[in-house]
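The report below describes helix packing, loop residues and overall totals for one protein model. Please keep the sequence and the coordinates open while reading.

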Amino acid sequence: MKKLDLSKQEKEVVDQALQHWYEQKLLDADKVQELQENMDERSFEWKVLARYAFWVALASLIFSVVSLFADDMLVRFVEQFYETPNIVFCLFFAGLAAAFYVLGFRNKKRYPDKTFSNETLMLSGAFSTAASIGFLGQILDRNTHYFTILFFISILIYAVLAVKLKSKLIWVFTLVALGVWFATETALHSEWGWKFWGMNFPLRFTIFGALLTMFSIWIQPRWKALDEFQSTSFVIGLLYTMIALWCLSIFGNYSDFEAWTQIRQYEILYWGLLATIVSLGLALYGLKKKDAVIRDIGFVFFLLNLYTRFVEYLWDNINRTIFFLILAVSFWLVGRWSEKIWKKQSTS
């Protein structure tokens with residue numbers, strides 16, 4: 001029998017399962033021992049290392065681009081291209097994106113197990129696509145409808161590539177591009193003001209995120225080509241909703257900064273209550289359904305909303321020593337609660 005290479009956590013789970021089956025008399029002692037002898041504890045998490053290595057590689061690439069503009073000699077070199085038409089850069093990045101996608105698709109067919117290297121190529125292609133569309137946007141006037149059509153085109157490009165390459169990473173870019181298109185489209189119709197149909201950006205994106213979440217639950221599973229991206233759309237939709245709702249709890253539906261500074265936070269308390277209730281509801285629903293993603297998102301934003309209200313209403317009203325003491329005690333209680341949940345899950 002071929003030996004299994006398992007991490008420490010995976011081996012503990014399998015050992016517990018074998019012990020349970022032995023106690024239920026589904027396996028005898030000899031079979032349990034045989035199975036345990038055919039499990040090796042992985043000495044090093046190479047998968048984790050590979051993931052972080054590719055992330056560091058991408059981060060280093062970004063820093064290298066930033067450093068390019070921080071170095072005087074390189075800046076002078078780049079300045080020589082200032083007169084280059086934007087169309088040249090647009091076509092250059094479009095070609096670069098195509099090259100990355102071709103390499104990524106070829107590698108995915110030849111080496112399907114090399115997940116992180118393949119996804120890195122896809123991510124580089126996605127960045128190059130965004131750069132190409134960005135330079136195309138420089139060519140067009142942003143006050144025309146063609147400007148928002150560019151972002152809509154990027155949605156179509158990312159969506160087709162995500163389906164063809166079966167890449168969840170590119171699907172994330174699709175949903176991000178969808179959010180950018182929604183923001184620019186509504187801003188264009190409001191003549192680049194902060195309000196559209198009486199809604200500022202946080203309120204708009206709260207509704208946008210809720211619609212995206214509902215789309216992922218009720219409509220997306222019916223499309224075979226998009227079904228595998230359902231969980232990704234669900235998470236992104238929830239994040240859109242909860243982040244926007246948290247911003248709404250702070251700024252309300254105000255579009256003018258001066259007007260917002262004149263109000264007291266209790267005047268928009270109803271947004272804070274809504275954000276807290278929704279996040280608490282998600283956390284409880286996730287616990288009930290044993291859905292770790294919903295539970296964690298709900299729990300994180302529940303705490304974020306509680307501490308936001310805590311700072312809003314107590315920062316200027318109590319002594320700083322007492323403020324931080326209450327903060328420390330509350331975090332300790334949260335830590336204790338989280339520790340109990342973790343221990344309960346690890347023993348169940």
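## Helices H9 and H10

H9 and H10 pack with their axes 7 Å apart and at an angle of about 160°. Axes here are lines fitted to C-alpha atoms, for helices over the stretch in contact, and angles run from 0 to 180 degrees between N-to-C directions. Angles under 35 degrees count as roughly parallel, over 145 as roughly antiparallel, 65 to 115 as roughly perpendicular and the rest as oblique. H9 and H10 are therefore roughly antiparallel to each other. Their crossing is left-handed; that term applies if the near helix is turned anticlockwise from the far one by less than a right angle, and right-handed applies if clockwise.

On the H9 side the meeting residues include Pro202, Phe205, Phe208, Leu212 and Ile217. On the H10 side they include Phe234, Ile236, Tyr240, Leu245 and Cys247. Contact means heavy atoms within 4.5 Å. Cysteine 247 is partly exposed, with a relative accessible area of 22%; the classes are buried under 20%, exposed over 50% and partly exposed in between (1.4 Å probe, protein chains only).

## Basis of the model

The model is predicted: local features need pLDDT of at least 70 and side-chain atom pairs count only at pLDDT 80 or more, while totals for chains, interfaces and linings use all residues. Residues are numbered from 1 along each chain as its sequence is written, and side-chain values use heavy atoms, with hydrogens and water left out.

## Helices H8 and H9

The axes of H8 and H9 come within 11 Å and cross at roughly 135°, so the two helices are oblique to each other. This crossing is right-handed.

From H8, the residues in contact are Leu175, Leu178, Gly179, Phe182, Ala183, Thr186 and Ala187. Their partners in H9 are Phe201, Arg204, Phe205, Phe208 and Leu212. Phe205, Phe208 and Leu212 are also among the H9 residues that meet H10.

## Helices H6 and H8

A further contact of H8 (residues 168-189) is with H6 (residues 115-139), where the axes come within 9 Å and cross at roughly 25°. H6 and H8 are therefore roughly parallel to each other, and H6 passes H8 in a right-handed crossing.

Glu119, Met122, Leu123, Ala126 and Phe127 make up the H6 side of this contact. Leu169, Ile170 and Phe173 make up the H8 side.

## Loop residues and positive phi

Tryptophan 197 has a positive phi of about 55° although it is not a glycine.

Tyrosine 254 sits in the loop between helix H10 (230-251) and helix H11 (257-261). Tyrosine 254 is partly exposed, with a relative accessible area of 32%. Not counting residues up to four places away in sequence, tyrosine 254 touches Asn200, Ala259, Trp260, Ile263 and Ile268. The C-alpha atoms of tyrosine 254 and lysine 195 are separated by 8.5 Å, and these residues are 59 apart along the chain.

## Leucine 287

Leucine 287 has its place in helix H12 and is partly exposed, with a relative accessible area of 41%. Leucine 287 and phenylalanine 299 are 12 residues apart in sequence, and their C-alpha atoms are 9.9 Å apart in space.

## Totals and cysteines

The protein has 14 helices and 2 strands, which are DSSP runs numbered from the N terminus (helices: H or I, at least four residues; strands: E, at least two). Of its 348 residues, 33% count as buried. Among contacts with a separation of 6 or more, 61% come from residues 24 or more positions apart. The accessible surface is about 22,600 Å², and carbon and sulfur atoms hold 67% of that area; these areas come from the Shrake-Rupley method with a 1.4 Å probe, and for residues only the protein chains shown count as cover.

How many disulfides does the structure hold? The number is 0, where a disulfide is a pair of cysteine sulfur atoms within 2.5 Å. Cysteine 90 counts as buried, at 7% relative accessibility.
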